[in-house]
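Dear colleague,

My notes on its fold follow directly after it.

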Amino acid sequence: MILTTERLILRPWAESDAESLYEYAKDPSVGPIAGWPPHKSLEESLYVIQNVLNGKECYGICRKEDGIAIGSVELKLKGSTDMTDREDECELGYWIGRPFWGNGYVPEAAKELIRHGFEDLGMRTIWCGYYDGNVKSKRVQEKCGFSHYRTTDNLDLPLMGEKRRGHMNVLTREDWLKL
């Protein structure tokens, strides 16, 4: 499936995106704040496309003008998230390359995926979280209408080998319809 917004195309990741994924995911200011280490090689980025960014509702964020993947947005469905085990609930996740920060691309992509989740997939609730210090992610969630649900200390981040404080937010279909 391909989704579009005013400025973006959201499309499934392809192996041919490995170079652009590596370009943005190797930046130490991108992954660690979201809980994953910077990519170390083009081969690692290809592996991530094949084995991580391959979810049914995972999309590369591409600007319409060039179609190059500059980030990712996903609705993690039952079985691929620890935030819910319900069929009508999912988790929203996203990131974008640093050169594109501050352009409103992530809120634009996230709002379209939220619409898709509620209207096309029949979701009742969408969860989203961020770790302490990730002010940009917190702001995206506020712009999209999420409300604070809970804060948890000592969350395990196995990919980073550390523990952090995490904040979980929620957006129900009912609240989304009021926006």
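Strands here are DSSP runs (E, at least two residues) and helices are runs of H or I with at least four residues, numbered from the N terminus; two strands pair if DSSP finds at least two bridges between them. This is a predicted model, in which local features need pLDDT of at least 70, side-chain atom pairs count only at pLDDT 80 or more, and totals for chains, interfaces and linings use all residues. Residues are numbered from 1 along each chain as its sequence is written, and side-chain values use heavy atoms, with hydrogens and water left out.

The protein chain holds six helices and eight strands, in the sequence pattern β-β-α-α-α-β-β-β-α-β-α-β-β-α. The eight strands form an open sheet of mixed pairing, in the order S1-S2-S3-S4-S5-S6-S8-S7. Its edges are strand S1 (3-4) and strand S7 (147-157), each of which pairs on one side only. S1 pairs with strand S2 (residues 8-11) in the antiparallel sense over two bridges, and leucine 3 stands opposite leucine 10 in S2. Helix H4 (residues 105-120) packs on the sheet, touching strands that include S1, S2 and strand S4 (69-76); contact means heavy atoms within 4.5 Å.

Of the 179 residues, 46% count as buried, meaning under 20% relative accessible area with a 1.4 Å probe, protein chains only.

Yours sincerely

Note on methods
Axes fitted to C-alpha atoms, helices over the stretch in contact; angles between N-to-C directions. Buried < 20%, exposed > 50% of the residue type's maximum accessible area, 1.4 Å probe, protein only.
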